[in-house]
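Open the model in your viewer and keep the selection tool at hand. We will go stop by stop, with what to select and what is there.

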Amino acid sequence: MLAMNYRGPYRVRADKNVPLPEILHPQDVIVRVLRSCICGSDLHLYHGLVPDTRIGSTFGHEFIGEVVEVGTAIENLQVGDRVMVPFNIACGKCAFCRQELYGNCHESNPEATAVGGIFGYSHTAGGYAGGQAEYVRVPYADVGPVVIPNWMDPDDAVLLTDVVPTGYQAAEMAGIQPGDTVVVFGAGPIGIMAAKCSWLFGAARVIIIDQVDYRLEFAERYAQCEAVNFRSIGDPVVFIKTITDSLGADVCIDAVGCEAAGNSINTLLGRYMMLQGGSTTALHWAINSVKKGGIVSIVGVYGPTNSLVPIGNVLNKGITIRANQASVKRLLPKLIQHVQDGVINPKELITHRVPLEEVGDAYHLFSSKLDNCIKTVLIPPL
Ligand code: NAD
Ligand code: ZN
């Protein structure tokens, strides 16, 4: 079959000769992929910032598709069902799944102490093949996948596998109280969705910060928030203090993660930061610009332990840091309702549709922020 194939940092291509996935366990199903997306998390893999990302692997944790084969133990799905598949692979039974912490499932990734299994996200997340392919094996398929309601646009459905729940959970973890000022770092799909969802928790003011103007303009329109280019304000921490009576923001959301040192990639500092596991600039800014006793909510993904985090300030300021992989399944019932009610319109984030054959170009476009790219959908051949 055709599938995305990782050849090393900044090298991704479509491969026509990837073996078809097979049922390996009675709780598996095989899904024919209808759409998959490229996520900012895939960029960390693409940039070589995630350990144990093996050559030849297929990425892709945001996908929807049609069930074409079911394992003997499957009760909730049948051949022909069209499903959205949460990016977390979760057993549904372990101590963490029982608390709906599907992002931390112990069984789907027993080697790891933190993250559970994730489709197409290196061997640190279980080594599962991803959905940027024609077909994908979905383990524990009675637990995660949700049948797409008839009324739902598939473009909305594919964004419910990660972007919408993650943005929503970023706002939820931030513990936003009515009247709060929320600062979101990163105006990618996740930050934009976090800004949008912050209003649902009663925020009075939402400010999104990035350096890419077209993304800021999009965020301003889509999430109806204030948008600020950090290249035009001097020190963002000083800026945020200035607009909050010197107190700092009530909550800050990091929707950036281990960015490949942003624009400084060609500088000595940029390279040094990459060696450290990527830039932590946004996290520094978030910690330093939240008010005392405030909450920093991190959904931005970081690879290895990063020594550049000002962790002492976290303690000294009594900041609560909340961070996790989104628990997609827990949030889906509420979010499906929000989509049906028109409160959230996920598909508006999609700016590009690219045939799976051109996956290499699609990664380059998204990574380099070309052609006003916000979110790219990969379409497998029919
Ligand atoms: P993206 O790459 O499209 O967006 C990141 C944005 O951050 C870019 O627009 C970039 O210009 C901006 N940026 C870079 N440095 C910055 C800085 N110092 N301050 C402010 N903005 C800065 O990625 P995305 O798809 O929006 O994902 C964002 C993050 O969320 C990634 O780290 C991704 O891995 C993570 N993520 C986490 C989960 C989860 O469950 N926790 C799920 C999905 C994505
Ligand atoms: Zn994702």
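**Stop 1: the core.** Start with the largest nonpolar core, which has 122 residues. A nonpolar core here is a set of buried Ala, Val, Leu, Ile, Met, Phe, Trp, Tyr and Cys residues joined through C-beta atoms within 7 Å. Buried means that 20 or more other C-beta atoms lie within 10 Å of a residue's own; exposed means 12 or fewer, partly exposed is in between, and C-beta atoms are placed from the backbone. Select Phe185 and Ile208: they have the most contacts inside this core. Next, colour strand E3, residues 29-38, which gives the most to this core, with 7 residues. Helices (H or I, at least four residues) and strands (E, at least two) are DSSP runs, numbered from the N terminus. The core draws at least three residues from each of domain 1 (3-162 + 327-379) and domain 2 (163-323). Those domain bounds come from an automatic or database domain assignment.

A note on what you have loaded: this is a predicted model, in which local features need pLDDT of at least 70 and side-chain atom pairs count only at pLDDT 80 or more, while totals for chains, interfaces and linings use all residues. Residues are numbered from 1 along each chain as its sequence is written, and chains are lettered from A and ligands numbered from 1 in the order in which they are written.

Stay on isoleucine 208. What does it touch, leaving aside its neighbours within four places in sequence? Its contacts are Val184, Ala187, Gly191, Ala195, Leu216, Ala219, Ala223, Cys225 and Ala227. Two residues are in contact if their C-beta atoms, placed from the backbone, lie within 7 Å.

**Stop 2: zoom out.** Show the whole protein chain as a cartoon: it has 12 helices and 17 strands. Its radius of gyration is 20 Å, close to the 21 Å that the globule rule gives for 382 residues, so the chain is as compact as a globular protein of that length. That radius is taken over C-alpha atoms, and the rule is 2.2 Å times the number of residues to the power 0.38. The C-alpha atoms fill a box of roughly 60 × 45 × 40 Å along the principal axes. Of the 382 residues, 54% count as buried.

**Stop 3: the two domains.** Colour domain 1 (3-162 + 327-379) and domain 2 (163-323) separately. Their C-alpha centres lie 25 Å apart. The contact takes 23 residues from domain 1 and 24 residues from domain 2. On the domain 1 side, H1 and H11 are the elements that give two or more residues. H11 supplies the largest share of that side, 4 residues. By class, the domain 1 side has 13 nonpolar, 6 polar and 4 charged residues. Ala, Val, Leu, Ile, Met, Phe, Trp, Tyr, Cys and Pro count as nonpolar, Asp, Glu, Lys and Arg as charged, and the others, Gly among them, as polar.

**Stop 4: ligand 1.** Select the 32 residues around ligand 1; Gly40, Ser41, Gly188, Gly257 and Val301 come nearest. A residue is near if its C-beta atom, placed from the backbone, lies within 6 Å. Which helix gives the most to this shell? H1 does, with 4 residues. Helix H5 (189-198), strand E11 (205-210) and helix H9 (281-289) each supply at least two. The shell divides into 15 nonpolar, 13 polar and 4 charged residues. Both domain 1 and domain 2 contribute at least three residues each.

**Stop 5: helix H4.** Select residues 163-173: 11 of the 11 residues of H4 are buried. The cover over them includes helix H3 (154-159), H5, strand E13 (249-254) and helix H11 (328-340). Just after H4, glycine 175 takes a positive phi of about 60°.

Stop 6: Go to valine 299, in the loop between E14 and helix H10 (311-316). Valine 299 is buried, with 29 other C-beta atoms within 10 Å. Its contacts, leaving aside neighbours within four places in sequence, include Thr166, Gln169 and Ala170.

Now jump to glutamine 224, in the loop between helix H6 (213-222) and strand E12 (226-229). Its phi is near 50°, a positive value in a residue other than glycine. With 11 C-beta neighbours inside 10 Å, glutamine 224 counts as exposed.

Finish at lysine 369, between helix H12 (359-367) and strand E17 (375-379). Its phi is near 55°, again positive in a residue other than glycine. Lysine 369 is partly exposed, with 15 other C-beta atoms within 10 Å.
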